[in-house]
Amino acid sequence: MDIYRTARERMVETQIKMRGIKDDKVIKAMLKVPRHLFVEEALRDQAYGDFPLPIGEGQTISQPYIVALMTEALELKGTERVLEVGTGSGYQTAILAEIALWVYTIEKYPTLQERAKRILLQELNYRNITFKIGDGSLGWKEASPFDAIIVTAASPQIPPPLIEQLAEGGRIVIPVGDAFSQMLVKGVKKGGLLHTKNLEPVRFVKLIGAYGFKE
Ligand code: SAM
């Protein structure tokens, strides 16, 4: 029995739908994925709260609404190959895996990705995710082009390799700014150029890498 189901339903009603998320696929995925499995046991009672939570290595699992907002902005239909930079807890990975054809996810910290991988593959049985440890600001050239790219850590710029590895017509969502003030930016690649628009102010941990922040 899923004792967290009521909390999950309440989360979707009050944090996701009431704030304007409309994509049915996103709503269904957030109703289905057991978010409490992605946080440590001592924090499970807070897993459906309206805030990020610590996951170790100084990193966080993002606030549910931000996961929904970023996923909706990717405009997934179900046929896409998606690159995720920043596996973290693996929760956003699961939401993507529910909707997209295939998810390629890169994480800087092996400890975090090992844990995420165990939950996603062994506990939840996803079969459409490929994992990699490394600097996601460089993208994943061998697996490119991607129909959608999501970056779940803040960067001073949109890393040029990610723009290169985005397919024509593809969407990228990324928080851009400094450590304290960031804007969630959506880009669409048209005619080889990225057309961007600002979604809303956000606060993410830093993307550490060649095209992100220095360590
Ligand atoms: N989407 C995640 C979730 O639902 O738990 C939240 C991820 S957390 C806000 C950002 C993640 O990006 C952290 O796990 C961090 O280690 C990772 N990260 C930071 N810089 C990175 C880089 N250059 N390449 C890959 N991952 C990176």
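Biologist: Which residue has a backbone N or O atom 3.3 Å from an oxygen atom of the ligand?
Modeller: The model discussed here is a predicted one. A polar contact requires a pair of N or O atoms within 3.5 Å. At 3.3 Å from a ligand oxygen atom, the backbone N or O atom concerned belongs to Q92.

Biologist: How much of the area that the ligand exposes when taken alone does the protein bury?
Modeller: Taken alone, the ligand exposes 600 Å². Of that area, the protein buries 99%.

Biologist: Which strand gives the largest share of the shell around the ligand?
Modeller: Three elements each supply at least two residues of this shell: helix 4 (91-99), strand 4 (102-107) and strand 2 (59-61). The largest share is three residues, and these come from strand 2.

Biologist: How many residues of the shell around the ligand are charged?
Modeller: There are 25 residues around the ligand, and among those that come nearest are E107 and D135. The shell divides into nine nonpolar and eleven polar residues, and the charged ones number five.

Biologist: What is the arrangement of the aromatic pair formed by F38 and Y91?
Modeller: The count of aromatic pairs comes to four. In the pair of F38 and Y91, the ring centres are 5.8 Å apart and the planes stand at 70 degrees. F38 lies in the loop between helix 2 (24-32) and strand 1 (53-56), and Y91 lies in helix 4, 53 residues away. Because planes over 60 degrees apart fall into that class, the arrangement is edge-to-face.

Biologist: Which residue is joined to P145 by a cis peptide bond?
Modeller: P145 is placed in the loop between strand 5 (129-133) and strand 6 (146-151). Omega of the cis bond is about 5 degrees, and the partner of P145 is S144.

Technical notes: Residues are numbered from 1 along each chain as its sequence is written. This is a predicted model: local features need pLDDT of at least 70, side-chain atom pairs count only at pLDDT 80 or more; totals for chains, interfaces and linings use all residues. Side-chain values use heavy atoms; hydrogens and water are left out. A residue is near a molecule or strand if one of its heavy atoms lies within 4 Å of it. A polar contact is a pair of N or O atoms within 3.5 Å; within protein, one must be able to donate a hydrogen and the other to accept it, and residues adjacent in sequence count only if both atoms are side-chain atoms. Accessible areas come from the Shrake-Rupley method with a 1.4 Å probe; for residues, only the protein chains shown count as cover. Helices (H or I, at least four residues) and strands (E, at least two) are DSSP runs, numbered from the N terminus. Ala, Val, Leu, Ile, Met, Phe, Trp, Tyr, Cys and Pro count as nonpolar, Asp, Glu, Lys and Arg as charged, and the others, Gly among them, as polar. Rings of Phe, Tyr and Trp (its six-membered ring) pair if their centres lie within 6.5 Å; planes under 30 degrees apart count as stacked, over 60 as edge-to-face and the rest as tilted.
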